[in-house]
Amino acid sequence: MVVSFVAYIAGVSAFPIASENLLPWSVWFLISVVINIVLWSNVMKLLTFSLAVIWFYAFVASLVPESSTAVNLTELDWSDPEAVAEQGALVFNGKGQCSACHTVDTSAPPGRCPDLTDIGLNAASRIPGMDARTYLIESLYFPANHLVPGYGKIMPEVWKAPIALSHVEIQAVIAYLESQGGEIDPTPFDEPIDRKDVSVTAEALPPLLTGDPELGKKVFVSAACNACHVVTGVEGPAAGEATTDFEVVTAPDLSEIAAFNDMRYLEESILLPSAQIVSGYGAVTVRANGITYQGTLVSQDEEKIVVRTKTADGVEEEHTILLSELDEEPIEELADLQAKGYFTLTLTPADADAPVSGAIVSETAETVTLNVNGEDKAFSKTDVKSMMTVVTFDGDEIVGEYVSGTMDDDEIVLIVDGSEEIFDTFDLEEVTFTRASGKKLLVTSPMPENFPLLLSVLDMSNLLSFLSTLTGATAEAVPAETGEAPAE
Ligand code: HEC
Ligand code: HEC
């Protein structure tokens with residue numbers, strides 16, 4: 001009995017390593033069983049039973065696959081690039097938390113983050129002149145540098161806390177991304193950052209929250225956030241109770257919103273909803289081929305957009321519209337063009353005969369830089385010939401360089417596409433002087449903008465405290481070890 005007891009104590013002291021190594025445990029267990037068969041008593045039964053229970057737990061722990069406990073990559077064997085990519089997949093789905101935001105499945109519903117199917121192939125064409133490898137390295141180290149069109153600054157710098165991937169782990173993830181439709185490049189690369197220089201932990205810490213989450217939950221309901229947003233554990237408004245202050249729209253589920261977003265982002269989402277718009281939820285109004293489409297911007301790339309509209313009887317339709325098909329709209333004021341959503345511009349410089357058009361590259365208060373036939377050229381916003389837009393009774397809208405005439409005269413003369421055109425003012429419904437024209441795509445948030453006025457500072461702090469509890473802690477998307485073990 002003494003021997004068995006000693007075995008038992010020794011076994012308990014071995015417990016911390018039990019989950020990693022089942023062997024010592026099994027040995028203790030067997031010794032105990034053998035001794036018990038020799039010296040059978042009630043005390044022995046009890047001890048054996050306890051040991052059996054602990055052994056059972058150790059056994060279960062040993063069954064849990066490596067990937068869901070911590071993956072600790074310290075070295076990569078580049079002689080087998082496929083194996084490195086597999087290790088990268090573990091980081092992608094585990095410590096890196098990439099799969100909490102990204103899908104690798106084109107049939108998945110569009111989310112807040114780009115789908116990464118074929119990213120190994122697509123990465124090469126994202127930024128002109130940048131190869132796939134460099135693009136992926138930049139995407140992981142400086143995600144805000146090259147935002148994928150239509151997505152906000154949501155992706156965390158994964159080398160910083162709390163995710164804190166090591167250089168080795170990032171190399172493995174990149175190999176995994178390259179393996180999605182591309183070639184794995186086994187050449188090592190230097191980190192574009194100096195970990196010693198950057199305080200790796202500073203940014204991720206949430207500010208001190210002094211609010212009361214329970215009161216915040218009440219604000220969430222009384223401000224009618226729940227009219228649009230689903231949160232597990234919060235009921236939507238009762239039928240008939242729905243507010244008439246705004247149109248209820250489909251909005252992101254907020255049940256896990258705090259798991260991957262910091263408080264600053266949440267605060268901004270409420271106070272400045274249009275600053276960063278969750279992809280797939282923005283509202284747009286565009287005109288193409290004379291037809292106006294008003295609805296939700298489902299997706300966007302360099303060439304086209306997909307807009308979902310709803311007919312009067314509630315039927316949803318999706319329209320794919322080429323950006324080149326968008327109508328040019330007359331512009332009266334050349335200030336803040338990009339903020340107003342303009343991405344191309346046609347203007348006639350005072351010293352030129354013909355109008356120039358191009359994509360807007362950048363702008364200042366005085367100038368706008370256009371990409372004209374592949375070359376960037378700056379134009380003054382003030383030395384611009386006046387344009388005029390005339391609207392006929394048939395609904396046609398024509399923009400041309402202004403030559404002469406007003407509505408008080410018999411005719412108005414414009415230069416349209418290089419040739420002079422004379423309009424009889426009797427045929428015209430309205431005319432406006434414009435400075436230029438351009439194509440415009442302005443995405444706004446359908447979320448009401450008056451919360452800053454409706455919510456007091458106290459409401460806001462309670463609301464943020466409530467939102468910060470929404471980590472979906474029970475949901476499987478969040479790996480269990482997050483938050484516990486600060487990575488090295
Ligand atoms: C909190 C959500 C979030 C997490 C976590 C996240 N990302 Fe992202 N990621 C985004 C968003 C949003 C974008 C698009 C905006 C941008 O380009 O930064 C993006 C962009 C990317 C791109 C560029 C995609 C393209 O189509 O060009 C790559 C590659 C990428 N992420 C990889 C990763 C990897 C690998 C991880 C894990 C180590 C990860 N992301 C973690 C949100 C996230
Ligand atoms: C009229 C419907 C509507 C109401 C009411 C509304 N929202 Fe939203 N909200 C949206 C839509 C649509 C989006 C996605 C577009 C965007 O990013 O602005 C959104 C985005 C968000 C986001 C960012 C979500 C993400 O996944 O990144 C947060 C956080 C949020 N809302 C919080 C709130 C809170 C808190 C309230 C109440 C004070 C509220 N919303 C009220 C429609 C609404």
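**Exercise 1. In which order do the 5 strands of the open sheet run?**

Before we start, two notes on the model. It is predicted, so local features need pLDDT of at least 70 and side-chain atom pairs count only at pLDDT 80 or more, while totals for chains, interfaces and linings use all residues. Residues are numbered from 1 along each chain as its sequence is written, and chains are lettered from A and ligands numbered from 1 in the order in which they are written.

*Solution.*
- Step 1: Read the order as β13-β12-β11-β10-β14, with antiparallel pairing. Strands are DSSP runs of E of at least two residues, helices are runs of H or I of at least four, and both are numbered from the N terminus. Two strands pair if DSSP finds at least two bridges between them.
- Step 2: Look for the edges, β13 (419-424) and β14 (428-434), each of which pairs on one side only.
- Step 3: Follow β10 (residues 387-392), which pairs with β14 over 6 bridges; here Val390 has Val431 as its bridge partner.

**Exercise 2. Describe the hairpin of β1 and β2.**

*Solution.*
- Step 1: Find β1 (residues 283-288) and β2 (residues 291-300), antiparallel strands joined by 6 bridges.
- Step 2: Pick out one bridge, from Ala288 to Ile291 in β2.
- Step 3: Turn to the 2 residues between the strands, where Asn289 takes a positive phi near 50°.

**Exercise 3. Find what surrounds ligand 1.**

*Solution.*
- Step 1: The shell holds 27 residues (C-beta atom, placed from the backbone, within 6 Å of the ligand). The closest are Gly96, Cys98, Cys101, Tyr151 and Met155.
- Step 2: Two or more residues each come from α6 (98-101), α7 (119-126), α8 (132-141) and α9 (167-178).
- Step 3: Sort by class: 21 are nonpolar (Ala, Val, Leu, Ile, Met, Phe, Trp, Tyr, Cys, Pro), 2 are charged (Asp, Glu, Lys, Arg) and 4 are polar (the others, Gly among them).

**Exercise 4. Explain why the buried residues of α7 are on the same side.**

*Solution.*
- Step 1: Ile119, Gly120 and Ala123 are buried. A residue is buried if 20 or more other C-beta atoms lie within 10 Å of its own, exposed if 12 or fewer, and partly exposed in between, with C-beta atoms placed from the backbone.
- Step 2: These residues are on the same side of α7 because they cover an arc of only 95° around the axis (taken from the directions from the helix axis to the C-beta atoms).
- Step 3: The buried residues pack against α8 and α9 (contact means C-beta atoms, placed from the backbone, within 7 Å).

Terms used. Contact = placed C-beta atoms within 7 Å.
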